[in-house]
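Hi,

Here is the structure I promised to send over.

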Amino acid sequence: MTGNPQMADNVLIINLTRFGDLLQTQPLLSGLAANGANCGLVCLANFVDAVPMMRHVSDAWPLRGSMLLSRLHGNWPKALNMITGFVRGIRSNASYSHIINLTPTNSARLLARMLAQDGANVLGFGMDEHGFGVNSGYWAAFLNVASKRRGSSPFNIADVFRMTALPLLGAARPGQDSGKLGVPPQEARVWAGDFLAKYPFVRPGKNLIALQPGASNPDRQWPVEHFAVYAARLHEQGYISMLLGSAAEKPLAEAFAARVDFPFVDATGQTTIPQLAALLEQSLLLATNDTGTMHLASGLGVRCLAFFLATAQPWDTGPYAAGNCCLEPALACHPCSFNQICGFDHACLRQIGPDLAASLALGQLKHGSWLEGLTDEMRASKARIWLTGRDACGFSDIQCISGHQGQGQSAWLAWQRYFWRQILDNVSGIQPSCSPKKPDFPAPANYVEHAAPVLRQVAGILESLAGAAALAGKNPRAGKILLQGCDNVQSLLDACAPLASLGDFWRELRNDSDDIGKFAAQLGVLSKNLTNFAAELVGKE
């Protein structure tokens, strides 16, 4: 991106999310370091062991989130004393000119505000003096939207984290190794060597393949019987399987053991995060659900064969590194929404067969290509097969090799990716260093049928509202017209399912519009973008 970035001196990043999302902060850290920043990191205490493997982190501040929550419910003065002490501890040891909060919860927003009382600039998710949430920048608003609208999230979360801090990053595109993690500590490597030495049939780095059968939700777990068949296929070719997972996932390991008649390594529940990384280092490939283990392996340069089921999709939470393979069911209902009860008896769990997964893995293991040995019948299977890479602008991207890229939800996500890049660049006033690539296939007709008329109608309303906004501070009637028009836009977008993410973004945009002059300019820019998008959808440029 062009422009004059702010000088990034000392930057504190707040990321109080899950293990995998924490690791996805690495591209942001790499970008900040390239621009001269010294970075500190606030994370949950149970994931602090991962921080030594994250590059460019000078200081880590672990927050005991579970204790804080329990005190909030039981004795709020103790909770207040705890968080105040936490803030005081950071301030007494370090000084930060910028704070980047990547967690949209009220507690994280409050923490960012407390830490910024010395005059630090807050990017991402903040809180105003009245206790209301505010977003610094339009990528932060989109990050908030994307966390709610999984079917409308066409950017890898690592890139959205990175773009949220755009004022500090300058024009440089992320390098291919921007998501690369550091190496595990030596003591973890020694432990891994001793652990694997107990299995004489294992040749570390030569015949070991890793399996992660568990996931944060059982609905997102590829069936353990599929993992067993997959492992059997690879065992026939001389590869030894190693099961990974937390202690809570031990029943999955037992179910796996009951289904196989060949030796394997069971490391379930026996590793710390650094030890898990050290075992992954000795593995040729990881077969996994969408988990933190997947992001750890990807950051270490271990190839991943990843399954995305139920609410998981590779567009936004896939491995950041290039060269990985992602599988998701080719079903119209995938991905399903959060808190949605499945009406199809979890059909997605049975959609991806173990033979397809094994063929892909063997192609990579034996020939260095996921495609080697993949038959036309396999390509036309009931799974969408994606390979991870980079687009011309440096964003993480996925390319479909199973012929589904121009179909249904996948096609609509590709068009939304093109659309959102333009919206977020133009509304922000950014001059992009490169332009997003338009999909080379038409948008799905059923999406166009519903979205295009609404886009045109909303664009017309926004164009008329730009004038009303310019007069709103001087003319009460103009202010009333503006408010009514904003509500009309909201109703139109909320009623159009293909534009649900745009409806949420509009809600964020209008709530953050304290500067009426700036808001009027945004309305004009947004109107033009929606008009152009509607025309492109129907093929009239």
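A definition before the helix packing: axes here are lines fitted to C-alpha atoms, for helices over the stretch in contact, and angles run from 0 to 180 degrees between N-to-C directions. Helices (H or I, at least four residues) and strands (E, at least two) are DSSP runs, numbered from the N terminus.

Bear in mind that this is a predicted model, in which local features need pLDDT of at least 70 and side-chain atom pairs count only at pLDDT 80 or more, while totals for chains, interfaces and linings use all residues. Residues are numbered from 1 along each chain as its sequence is written, and side-chain values use heavy atoms, with hydrogens and water left out.

Now the helices. The axes of α16 (residues 408-428) and α20 (residues 516-537) come within 10 Å and cross at roughly 155°. The pair is therefore roughly antiparallel (that label is for angles over 145 degrees; under 35 is roughly parallel, 65 to 115 roughly perpendicular, and the rest oblique).

Y138, W139 and F142 of α6 touch W420, R421, L424, V427 and S428 of α16. Helix α6 (residues 138-146) is mostly covered, with 9 of its 9 residues buried (buried means under 20% relative accessible area, exposed over 50%, partly exposed in between, with a 1.4 Å probe and protein chains only).

What about disulfides, meaning pairs of cysteine sulfur atoms within 2.5 Å? The count is 0. The sulfur of C400 is too far for a bond, because the closest cysteine sulfur, in C325, is 10 Å away. C496 is in no disulfide either, with the nearest cysteine sulfur, that of C486, 19 Å away. C400 is buried at 15% relative accessibility, and C496 is buried at 4%.

Last, some backbone angles. Most residues other than glycine have a negative phi. H56, however, has a positive phi of about 70°; this residue is in the loop between β2 (38-44) and β3 (57-63) and is partly exposed at 36%. A310 also has a positive phi, near 55°, and lies in the loop between β11 (303-307) and α13 (314-317). A310 is buried, at 8%.

Cheers

Technical notes
A disulfide is a pair of cysteine sulfur atoms within 2.5 Å. Contact means heavy atoms within 4.5 Å.
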